Amino acid sequence: MTYPWQPRPRPAEPPQRRMPRQRPLGQHSDIRLLRGAYRRQRRVASLTALGYFTLFLLLSAFAPSLMTSTVSGGLSTGLLLGLLQVPVTCLAIALYEHSARRRLDPIADRIRRQSELDAKRETAR
């Protein structure tokens with residue numbers, strides 16, 4: 001500006017960009033579905049294994065007479081419940097894998113295919 005009474009020049013307007021046809025992948029509704037499904041799956045599997053172990057600990061602490069009683073052939077209830085921890089943990093793992101195949105993998109495959117298509121479209125431009 002040469003003189004103080006001159007009007008200030010207007011800033012240049014940014015060029016208008018073309019809006020993408022689809023939303024960006026990070027804000028896609030399938031991603032939100034996948035996050036929620038993973039969250040539910042982790043909770044169910046963790047609570048299955050940890051819940052059983054917590055029950056075992058609570059029974060050991062507050063019901064020692066129940067845990068020391070014999071079931072059959074000198075096998076105590078506490079030992080039997082302790083040995084059942086392994087199959088319960090394996091059940092939690094199997095539940096996790098089953099629900100992943102049934103619920104999570106189809107959503108993840110759909111997102112993967114969509115991102116591959118988006119990448120191909122971007123390289124074609």
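Modeller: One term before we start: contact means heavy atoms within 4.5 Å. Keep in mind also that this is a predicted model.

Biologist: Which residues does Gln41 touch, not counting residues up to four places away in sequence?

Modeller: Gln41 sits in helix H1, which spans residues 29-62. Leave out residues up to four places away in sequence, and the contacts of Gln41 are Tyr96, Ser99, Ala100 and Leu104.

Biologist: Is Gln41 buried or exposed?

Modeller: The cut-off for buried is under 20% relative accessible area. Gln41 has 6% relative accessibility, so the residue counts as buried.

Biologist: What pattern does the chain follow, read along the sequence?

Modeller: The chain has four helices and two strands. Read along the sequence, they give α-α-β-β-α-α.

Biologist: What percentage of the contacts between residues at least 6 apart in sequence join residues at least 24 apart?

Modeller: Take the contacts in the chain between residues at least 6 apart in sequence. Those that join residues at least 24 apart make up 61%.

Biologist: What share of the residues in the chain is buried?

Modeller: The chain exposes about 10500 Å², with 61% of that area from carbon and sulfur atoms. The chain holds 125 residues. Buried residues make up 22%.

Biologist: Which element gives the largest share of the positive patch?

Modeller: The patch on the surface gathers Arg32, Arg35, Arg39, Arg40, Arg42, Arg43, Arg102 and Arg103. Two elements give two or more residues to this patch: H1 and helix H4 (85-124). Six residues, the largest share, come from H1.

Biologist: How does Arg103 count: buried, partly exposed or exposed?

Modeller: Arg103 is found in helix H4. Exposed needs over 50% relative accessible area, and buried needs under 20%. Arg103 has 45%, so this residue is partly exposed.

Biologist: Now the salt bridges. How many are counted?

Modeller: Side chains of opposite charge can pair when their charged atoms come close. The rule asks for a side-chain nitrogen of Lys or Arg within 4 Å of a carboxyl oxygen of Asp or Glu. By this rule the count is four.

Biologist: How far apart are the closest N and O atoms of Arg101 and Glu97?

Modeller: Arg101 and Glu97 are four residues apart in helix H4, so about one helical turn separates them. Arg101 is exposed, at 56% relative accessible area. Glu97 is partly exposed, at 41%. In their salt bridge, the closest N and O atoms are apart by 3.8 Å.

Biologist: What is the N to O distance in the salt bridge of Asp109 and Arg112?

Modeller: Both residues lie in helix H4, three residues apart, about one turn of the helix. Asp109 is partly exposed at 33% relative accessibility. Arg112 is also partly exposed, with a relative accessible area of 45%. The N to O distance between Asp109 and Arg112 is 2.7 Å.

Biologist: Which residue meets Asp118 in a salt bridge?

Modeller: Asp118 is partly exposed, with a relative accessible area of 24%. The N to O distance is 3.5 Å, and the residue is Arg121.

Note on methods. Residues are numbered from 1 along each chain as its sequence is written. This is a predicted model: local features need pLDDT of at least 70, side-chain atom pairs count only at pLDDT 80 or more; totals for chains, interfaces and linings use all residues. Side-chain values use heavy atoms; hydrogens and water are left out. Buried means under 20% relative accessible area, exposed over 50%, partly exposed in between (1.4 Å probe, protein chains only). Patches are made of residues with over 30% relative accessible area and no salt bridge: like charges are joined within 9 Å, nonpolar side chains (Val, Leu, Ile, Met, Phe, Trp, Tyr) within 5 Å. Accessible areas come from the Shrake-Rupley method with a 1.4 Å probe; for residues, only the protein chains shown count as cover. Lys and Arg count as positive and Asp and Glu as negative; His and the chain ends are not counted. The place of a charge is taken as NZ of Lys, CZ of Arg, CG of Asp or CD of Glu.
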